[in-house]
Amino acid sequence: VQLQASGGGLVQPGGSLRLSCALSGRDFSHYAMAWFRQAAGKEREFVGAISGSGGRTYYADSVKGRFTISGDNAKNTVYLQMNSLKPEDTAVYYCAVRSYISWNPEAYPYWGQGTLVTVSS
């Protein structure tokens, strides 16, 4: 199983970015994929998740209304659209996959390499 995350970069406050996470070795429609983030000196925290079958989504309160997770089963890829970005969104963002959604990062056996998002003027 491999996860390839991409799309990070530097953006000004209020701006947008879209992260992608491509899954290989598993059929996304049978799994759930989550996004986590880890800021410098802080623990990894849940951002949101999507179920491959049905597309239900869940979000942390801190990003609800600003971030949107979507999936493309044909491409086996999940996207994290981030709008109205704030400096406190600065972190390394990771995607992870498991059989069903969990808020606990320790429950996920497979992880992408992480992509850095920096929100700064």
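**Figure 1. The disulfide of the predicted model.** The structure holds 1 disulfide, a term for a pair of cysteine sulfur atoms within 2.5 Å. C21 and C95 form the link, with an S to S distance of 2.0 Å. The link is right-handed, at 70 degrees about the S-S bond. C21 sits in strand 3 (residues 17-24) and C95 in strand 9 (residues 91-98), so the pair ties together parts that are 74 residues apart in sequence. Strands (E, at least two residues) and helices (H or I, at least four) are DSSP runs, numbered from the N terminus. C21 is buried at a relative accessible area of 0%. C95 is buried too, at 0% relative accessibility. Buried means under 20% relative accessible area, exposed over 50%, and partly exposed in between (1.4 Å probe, protein chains only).

This is a predicted model: local features need pLDDT of at least 70, side-chain atom pairs count only at pLDDT 80 or more, and totals for chains, interfaces and linings use all residues. Residues are numbered from 1 along each chain as its sequence is written, and side-chain values use heavy atoms, with hydrogens and water left out.

**Figure 2. The largest nonpolar core.** This core has 35 residues. A nonpolar core is a set of buried Ala, Val, Leu, Ile, Met, Phe, Trp, Tyr and Cys residues joined through side-chain atoms within 4.5 Å. M33, W35, F67, L80, M82 and Y93 have the most contacts inside the core. Elements giving two or more residues to it include strand 1 (2-6), strand 4 (32-38), strand 7 (67-72) and strand 8 (77-82). Strand 3 and strand 9 are also among them. In soluble globular proteins, nonpolar side chains tend to be buried together.

Figure 3. F28 lies in the loop between strand 3 and strand 4. F28 is buried, with a relative accessible area of 1%. Beyond its neighbours within four places in sequence, F28 is in contact (heavy atoms within 4.5 Å) with L23, M33, I50, S51, G52, G71, N73, N76 and V78. D72 is 44 residues from F28 along the chain, yet their C-alpha atoms are separated by 8.7 Å.

**Figure 4. The chain behind the close-ups.** The chain has 0 helices and 11 strands. Of its 121 residues, 44% count as buried. Among contacts between residues at least 6 apart in sequence, 55% join residues at least 24 apart. The C-alpha atoms fill a box of roughly 40 × 25 × 25 Å, taken along the principal axes.
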